[in-house]
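Please look at the sequence and the 3D structure below before reading on.

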Amino acid sequence: MSDKSTAETQNTSGHSRRAFWRIGRGRSGGSLGCAGIARRAIALGHPVLVADGDINNPMLSRLYPAKSKHGVERPTSATLETSKIWLADILAQALQCEASVIIDMGGGDRVSEELAEESNLGEFLSQSG
């Protein structure tokens, strides 16, 4: 499991916001790891969004459905363009809610790698405060 980019900023409530972006190969326990991180952050009272972009394994979206406090909508497909739009929407939502975000892009496909290569998440989050 790898963490492409982590950015940290202070929100108005005094908690530091973080972005955890999991990409990696499939069947390595990455989604379970993301679930554990989300559960711990939520238990500590941190505002967190859990974004399940793993088209092949909807585990996180089952634990944190889109209609729940911490869940968000899943992407409609695994294409690179759809993933880019979905990621931008999720980041905007996290910034608006002043929440940290845990993003699971899944593993075993090139879309995750291509999206990670094209996206400069750390810079975006730093510029967004």
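A residue is called buried when its relative accessible area is under 20%, exposed when it is over 50%, and partly exposed in between, with a 1.4 Å probe and protein chains only. This is a predicted model, in which local features need pLDDT of at least 70 and side-chain atom pairs count only at pLDDT 80 or more, while totals for chains, interfaces and linings use all residues. Residues are numbered from 1 along each chain as its sequence is written, and side-chain values use heavy atoms, with hydrogens and water left out.

**Nonpolar cores**

- A nonpolar core is a set of buried Ala, Val, Leu, Ile, Met, Phe, Trp, Tyr and Cys residues joined through side-chain atoms within 4.5 Å, and the largest one here has 14 residues, with L49, A51, W86, L87, I90, V101 and I103 having the most contacts inside it.
- At least two residues of this core come from each of β3 (16–24), β4 (48–52), α3 (80–97) and β5 (100–107), where helices (H or I, at least four residues) and strands (E, at least two) are DSSP runs numbered from the N terminus.
- The element that gives the most to this core is α3, with 5 residues.
- Another core, of 10 residues, lies apart from it and includes A41, V48, V50 and I102.
- If residues up to four places away in sequence are not counted, I103 touches F20, W21, R22, A51, W86, L87 and L91, where contact means heavy atoms within 4.5 Å.

**The histidine H70**

- H70 sits in the loop between α2 (59–63) and α3, and with a relative accessible area of 12% H70 is buried.
- Leaving aside neighbours within four places in sequence, H70 is in contact with I42, V48, L49, V50 and Y64.
- The side chain of H70 also reaches the backbone oxygen of V48 at 2.8 Å.

**The salt bridge**

- The structure holds 1 salt bridge, a term for a side-chain nitrogen of Lys or Arg within 4 Å of a carboxyl oxygen of Asp or Glu.
- This salt bridge joins the side chains of D52 and R74 (4.0 Å, N to O).
- Because D52 lies in strand β4 and R74 in the loop between α2 and α3, the pair ties together parts that are 22 residues apart in sequence.
- D52 is buried at 1% relative accessibility, whereas R74 is partly exposed at 26%.

**The cysteines**

- The count of disulfides is 0, a disulfide being a pair of cysteine sulfur atoms within 2.5 Å.
- C34 is buried at 0% relative accessibility, whereas C97 is partly exposed, with a relative accessible area of 44%.

Key
A polar contact is a pair of N or O atoms within 3.5 Å; within protein, one must be able to donate a hydrogen and the other to accept it, and residues adjacent in sequence count only if both atoms are side-chain atoms.
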